[in-house]
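This report describes a ligand site, a helix and a surface patch. Please consult the sequence and the structure while reading.

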Amino acid sequence: MSVTEAPPSTDEQRVNELVDDLLEKFPPTATDPKVFLGEQYDRGLAWVHFPEGHGGLGLSPKLQKSVNERVSAAGGPNAAYRNPIGYGMCGPTVVVWGTDEQKERYLRPLFTGEEIWCQLFSEPGSGSDFAGLSSRGVQDGDEWIVNGQKVWTTLAHLSKWGLLVVRTDPEAVKHAGLTAFVVDMQDPTVHVLPLRQMTGEAEFNEVFFTDTRIPAAEMLGKPGDGWRVSLTTLMNERVSIGGAIPQKGSGVVAALVKAWQDLPEDRQDAATRDEVMQLWIRAEVLRLTNIRANQLRKMGDPGPEGSIGKLASADLNKDVWSKVVDLLGADGMLYGSYEMVRPETAMGADSLQKAFLRSRANSIEGGTSEVMRNILGERVLGLPGDVRVDRDVPWSEVPRN
Ligand SMILES: Cc1cc2nc3c(=O)[nH]c(=O)nc-3n(C[C@H](O)[C@H](O)[C@H](O)COP(=O)(O)OP(=O)(O)OC[C@H]3O[C@@H](n4cnc5c(N)ncnc54)[C@H](O)[C@@H]3O)c2cc1C
């Protein structure tokens with residue numbers, strides 16, 4: 001520690017000691033990843049801002065960064081890589097809306113990756129306007145019967161559980177008639193079909209529910225809470241996708257700098273150098289913006305700041321990967337194989353060309369860039385709202401195709 005650095009707080013010391021203990025007793029490179037992650041969870045180091053006993057310590061989420069950095073530096077496993085939707089979105093939703101039984105049942109195997117999760121929000125007719133969705137849930141005693149179709153469901157093919165939102169009251173206005181459930185994706189009435197992306201892979205799916213029975217105890221919140229439950233998921237999704245705080249010069253922009261350095265000297269002209277520098281500056285501005293948003297996000301339930309990071313990172317990723325492929329010259333057109341693959345994780349890319357193709361989805365997934373601009377315009381800048389003719393009408397009376 002240099003003389004100008006503040007000494008670690010009591011909370012930081014406690015977290016550091018728990019990480020010391022974890023790394024000493026369970027050397028990451030010699031321990032089964034699931035065992036290691038289970039031990040990390042039991043020490044409250046999974047999401048430090050979660051309550052004690054449920055993978056956390058009730059501390060500031062800021063302290064999670066140093067846990068993740070230390071585990072990663074020691075060669076430990078990354079829960080978010082294996083179960084990105086579960087770790088980044090479903091876990092934070094279960095902890096806010098779940099009963100103690102649900103937290104006890106779901107969070108540990110979610111963190112260890114023994115049970116993968118998916119998010120079942122979008123439908124063929126309702127993506128950006130997801131509150132207008134049509135899948136139906138009808139109560140039958142202690143159960144709810146679900147029928148309908150979801151789409152673009154990332155990792156549904158590997159999932160044990162899904163975070164599902166359906167319409168349970170068609171006579172209410174669209175936002176009020178929704179209810180959220182945890183659904184067993186391996187139930188025989190749930191059918192998962194691959195959807196192939198431009199990378200050649202199918203990391204997402206169509207999902208069909210036919211008279212799927214869900215116990216009432218698997219509801220998150222109460223009937224009609226589905227919209228508020230989804231907001232918790234969506235705010236966390238934006239941060240999870242766009243809120244990363246890499247070291248200065250690392251992340252996607254490091255690939256760009258490397259592509260520049262690999263260029264033959266006669267192609268390292270001043271104009272290209274300037275373009276690379278501009279992108280590097282944008283990456284640094286985004287990094288600093290995310291640091292600021294992180295300071296504002298005290299107790300793990302982020303606000304509209306997440307939309308800034310989501311929007312800026314989508315644009316930046318697309319521009320950076322375009323430039324990388326540009327710098328590769330003719331090699332940028334070479335692609336390993338378009339053979340259909342069912343990947344083990346989402347957003348993975350094993351080549352620069354694949355990273356370029358995959359990045360095109362960044363301004364769609366997790367809410368489109370147009371929708372992010374609407375949110376920021378209305379909630380942050382206070383501009384006049386989007387036109388919403390269906391807001392005060394019962395959902396059953398809203399025209400749809
Ligand atoms: C790689 C990937 C993974 C995904 N994973 C999941 C997942 O796991 N679970 C899940 O539920 N969903 C998932 N999605 C779906 C994603 O959330 C939707 O694609 C997204 O919300 C947009 O919805 P849509 O595709 O229906 O487009 P639409 O809503 O039909 O939009 C079409 C176009 O109209 C624009 N538009 C729509 N409304 C407005 C408006 N009010 N103002 C201005 N412009 C507007 C949009 O920006 C877009 O350009 C995934 C999508 C992708 C690409």
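A residue is called buried under 20% relative accessible area, exposed over 50%, and partly exposed in between (1.4 Å probe, protein chains only). Valine 285 has a relative accessible area of 48% and is therefore partly exposed. The model is predicted: local features need pLDDT of at least 70, side-chain atom pairs count only at pLDDT 80 or more, and totals for chains, interfaces and linings use all residues. Residues are numbered from 1 along each chain as its sequence is written, and side-chain values use heavy atoms, without hydrogens and water.

Valine 285 lies in helix α9 (residues 270-296). Together with Met277 and Ile281, Val285 makes a nonpolar surface patch of about 240 Å². In helix α11 (residues 352-359), by contrast, six of the eight residues are buried. These are Gln353, Lys354, Ala355, Leu357, Arg358 and Ser359.

The ligand is surrounded by 18 residues, and the closest are Ser128, Trp152, Thr154, Thr368 and Glu370.

| Side chain | Ligand atom | Distance |
|---|---|---|
| Serine 122 | nitrogen | 2.7 Å |
| Glutamate 370 | oxygen | 2.6 Å |
| Asparagine 374 | nitrogen | 3.0 Å |

Taken alone, the ligand exposes 980 Å², of which the protein buries 69%.

Key: Near = heavy atom within 4 Å. Polar contact = N/O pair within 3.5 Å; in protein donor to acceptor, adjacent residues only side chain to side chain. Areas by Shrake-Rupley, 256 points an atom, 1.4 Å probe, with all protein chains shown as cover. Helix = DSSP H or I, 4+ residues; strand = E, 2+ residues; numbered from the N terminus. Patch = residues over 30% accessible without salt bridge, like charges linked within 9 Å, V, L, I, M, F, W, Y side chains within 5 Å. Salt bridge = Lys/Arg side-chain N within 4 Å of Asp/Glu carboxyl O.
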